[in-house]
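Below are some notes for a colleague who is opening this structure without having seen it before. They are set out as numbered points and can be read beside the model.

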Amino acid sequence: MDWTIVALAGFLGGMLNAVAGGGSFITLPALIWVGVPPIAANTTGTAALLPGYLASAWRFRRDIEYPMGLSLWPVIVIAILGGCIGAITLLLTSDQLFSVLIPWLILLSTTAFIVGPKLINMRGFTPDRATQSDSTQQSFVNAVALLIICIYGGYFNGGMGIILLAAFGLMGQSNLLGMNGLKNIVSALLTVIAVMVYAVGGTIDLAYLLILGVGSVIGGYVGAGVAYRVSQQKLRLFIITIGCLMAAGFFLKGSW
């Protein structure tokens, strides 16, 4: 039964990631349900979804566009540094503390799903009217914001995609393909380094990693087809509902 639950969670998680994101809302609770400690559940789920990040990054490699002050190498350094800091912070966190943080982290990522589209449509900066001083300041702000998001991604990863897209929108980007390209390369880079740190720390549950990974790959393939048949509005509503239910479930569990 445990193997069936994990395989189904991998399938559904990969499917959600393919069509809108939010796969960790499924994989994390499922692994905890079958008895995996919270931190190991988080790291194992992240490792299992890594192939999907890498495939997406390769697919969008020609569509990448960078916000003001950022280019390929600064983004690589920021993603690796942020992912490493977040992953190490997770390893230094106790299971008890992480269990307390889980519902809040899920609420944060669910909120990002709700407000993300509105933020993406906002233009917080107009480069064509900027002075040199403004440009330098905006470049610094963009780099710091990206670093904070990458630290979050290395620590929890849930909802990171939509948080990145919302941030890029606020940085002045409007081309969704270019934003998606950058989002995927950042996600892949920080996840690679985070998984390496998790592996060194011995927190990945190898017993469930393979079946979860296979399930996510199959789910991602199926999800790509589903994306053409179901409206994005319905998919987003479904994911937001799952996020709220999961957060409520963890809050109730903590009060027992």
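This is a predicted model: local features need pLDDT of at least 70, side-chain atom pairs count only at pLDDT 80 or more; totals for chains, interfaces and linings use all residues.

**Notes on the model**

1. Helix α5 (residues 95–120) supplies the largest share, four residues. Phe251 belongs to helix α10 (residues 232–255). With a relative accessible area of 31%, Phe251 is partly exposed, because partly exposed covers the range between under 20% (buried) and over 50% (exposed).

2. As for the overall make-up, the protein chain contains 10 helices and zero strands. Its pattern along the sequence therefore reads α-α-α-α-α-α-α-α-α-α. The chain has 256 residues, and 49% of them count as buried.

3. How many of the 10 residues of helix α2 (residues 24–33) are buried? Nine of them are, so α2 is largely enclosed by the rest of the structure. The buried residues of α2 are Ser24, Phe25, Ile26, Thr27, Leu28, Pro29, Ala30, Leu31 and Ile32. Just after α2 comes Gly35, which takes a positive phi of about 105 degrees.

4. Two packed helices are described by the angle between their axes and the distance between the axes. For α2 and helix α3 (residues 38–59), the axes come within 9 Å and cross at roughly 135 degrees. That makes α2 oblique to α3, because an angle has to be over 145 degrees to count as roughly antiparallel, and the roughly perpendicular range is 65 to 115. The crossing in which α2 passes α3 is right-handed.

5. Helix α7 (residues 160–170) packs with helix α8 (residues 176–201) at an angle of about 130 degrees, and their axes are 10 Å apart. That angle makes α7 oblique to α8. The crossing of α7 and α8 is right-handed.

6. Where in the chain is Ala166 found? Ala166 is in helix α7. Its relative accessibility is 8%, so Ala166 counts as buried, the limit for buried being under 20%. Ala166 and Ala112 are 54 residues apart along the chain, and their C-alpha atoms are separated by 7.9 Å.

7. Gly219 lies in helix α9 (residues 206–226). Is Gly219 buried or exposed? Gly219 is buried, since its relative accessible area is 0%. In sequence, Gly219 and Gly13 are 206 residues apart; in space, they are 7.1 Å apart, C-alpha to C-alpha.

8. Leu91 has its place in helix α4 (residues 72–91). Its relative accessibility is 30%, so Leu91 counts as partly exposed. Which distance separates Leu91 and Gly201 in space? They are 6.9 Å apart, C-alpha to C-alpha, while 110 residues apart in sequence.

Terms used
Residues are numbered from 1 along each chain as its sequence is written. Side-chain values use heavy atoms; hydrogens and water are left out. Helices (H or I, at least four residues) and strands (E, at least two) are DSSP runs, numbered from the N terminus. Buried means under 20% relative accessible area, exposed over 50%, partly exposed in between (1.4 Å probe, protein chains only). Axes are lines fitted to C-alpha atoms, for helices over the stretch in contact, and angles run from 0 to 180 degrees between N-to-C directions. Angles under 35 degrees count as roughly parallel, over 145 as roughly antiparallel, 65 to 115 as roughly perpendicular and the rest as oblique. A crossing is left-handed if the near helix is turned anticlockwise from the far one by less than a right angle, and right-handed if clockwise.
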